[in-house]
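Reader: I have the sequence and the model open. Take me through how to read them, one feature at a time.

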Amino acid sequence: ESYTINDIKEKGFIIVGHRGAAGHAPENTMASFRKAIELGADVIELDVHRSKDGHLIVMHDATVDRTTNGSGAISAMTFDEIRALDAGSWFGEAFKGELVPSLAEVIVGINGEVKVLIEIKWPKEGLYDGLGKQVAEEVHKYGAEEWCIIQSFDSKYLEEAHASGYNIPLQKLLVSQTSLFFVPFHKDNKFRLGRASVAHVESMNYYHKMINASLVERHHEEGLTVIPYTVNTTDEMIKVLGMGVDGVITNYPDVALALRNEL
Ligand code: G3P
Ligand code: CA
């Protein structure tokens, strides 16, 4: 069963700016988050790692190589070393001097203007010890529980965030349905597979090419939303919206907004 344009129109959908507006600005920088808001995102998505000296660093990869002028693993660098890098030039001269933000800086800078979807990542060697708890504590420290959401492919982080007791909404990232039963990222992950690992989440966020209308319907019956990633073209958006999804995570919030306005 799929949805008609009228169904989509009535229901509406949430626009999540992936790494900010990664199609328009250097991902995971304040410039990218500001751009996403300007282009109409309801939520901005970002990724978190941890520096050698324990700071929460907003970056997608486990190393600084691809998105800065430096090199090395985030987990082996200090906050000061990371802050000395240029996170904008690789994307374009206009963004020269953009800094790698800390999670605190983004929380303070956004201050509830839009929601912030915080994805907790992992270093090459496994998981960051206690990063789910640390991120939840940081959100709580700034009183941002109402407008921050924590998501991860890794259920251990979500369980830690839940156990913190701060009632921050949680969302589960998955590649496909089989990820519910087999999460191939870490060899120590086997013990936290299956439905129990998603007991406290409000949304199931899949790779957009791995979903269908019946999966979305099943999650809706369970009281869960479905917000696929990373949906970048109008055609792809129409396809997943036709399956009934509740929102899209996109590098192009402008494309999603134009579609939403057109419906
Ligand atoms: O928000 C979902 C999406 O960001 C997950 O994949 O690799 O872009 O972090 P990735
Ligand atoms: Ca992400």
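Author: Begin with overall size. With 263 residues, a compact globule would have a radius of gyration near 18 Å, and the protein chain has 18 Å, which agrees. That radius is taken over C-alpha atoms, and the globule rule is 2.2 Å times the number of residues to the power 0.38. The C-alpha atoms fill a box of roughly 55 × 45 × 30 Å along the principal axes.

Reader: What conventions apply here?

Author: This is a predicted model: local features need pLDDT of at least 70, side-chain atom pairs count only at pLDDT 80 or more, and totals for chains, interfaces and linings use all residues. Residues are numbered from 1 along each chain as its sequence is written, while chains are lettered from A and ligands numbered from 1 in the order in which they are written.

Reader: What is the mean pLDDT of the protein chain?

Author: pLDDT is the predictor's confidence in each residue, from 0 to 100. Here the mean is 92, and 92% of the residues reach 70 or more. Over residues 183-193 the pLDDT is below 50, and this stretch has 14 contacts in the model beyond near neighbours in sequence. Where pLDDT is low, the predicted coordinates should not be read in detail. For the complex, the predictor gives an ipTM of 0.98 and a pTM of 0.94.

Reader: How many helices and strands does the protein chain have?

Author: Both are DSSP runs, numbered from the N terminus: helices are H or I, at least four residues, and strands are E, at least two. The protein chain has nine helices and nine strands.

Reader: Is L56 buried or exposed?

Author: Count C-beta atoms, placed from the backbone: 20 or more others within 10 Å means buried, 12 or fewer exposed, and in between partly exposed. L56, in strand β3, is buried because 24 other C-beta atoms lie within 10 Å. E221, in helix α7 (residues 213-221), has 8 C-beta neighbours inside 10 Å, so E221 counts as exposed. Buried residues make up 47% of the protein chain's 263 residues.

Reader: Which residues of α5 are buried?

Author: An α-helix has 3.6 residues a turn, so residues three or four places apart point the same way. In α5 (residues 131-141), the buried residues are L131, G132, Q134, V135, A136 and V139. They pack against β2 (43-50), β3 (56-58), α4 (103-110), β4 (115-120), β5 (148-152) and α6 (155-163). G143 follows α5 with a positive phi, near 60 degrees.

Reader: And α6?

Author: Seven of its nine residues are buried. Those residues pack against β4, α5, β5 and β6 (170-174). Just after α6, G165 has a positive phi of about 80 degrees.

Reader: Which residues have the most contacts inside the largest nonpolar core?

Author: In soluble globular proteins, nonpolar side chains tend to be buried together. A nonpolar core is a set of buried Ala, Val, Leu, Ile, Met, Phe, Trp, Tyr and Cys residues joined through C-beta atoms within 7 Å. The largest has 70 residues, with the most contacts inside it made by V48, V116, I118, V135, I150 and V248. A contact needs C-beta atoms, placed from the backbone, within 7 Å. Leaving out residues up to four places away in sequence, V135 touches V48, L56, L103, I118, I120, I150 and A161.

Reader: Which residues surround ligand 1?

Author: Near means a C-beta atom, placed from the backbone, within 6 Å. Ligand 1 is surrounded by H18, E45, D47, H60, E119, L173, N205, Y229, T230 and I249.

Note on methods
Contact = placed C-beta atoms within 7 Å.
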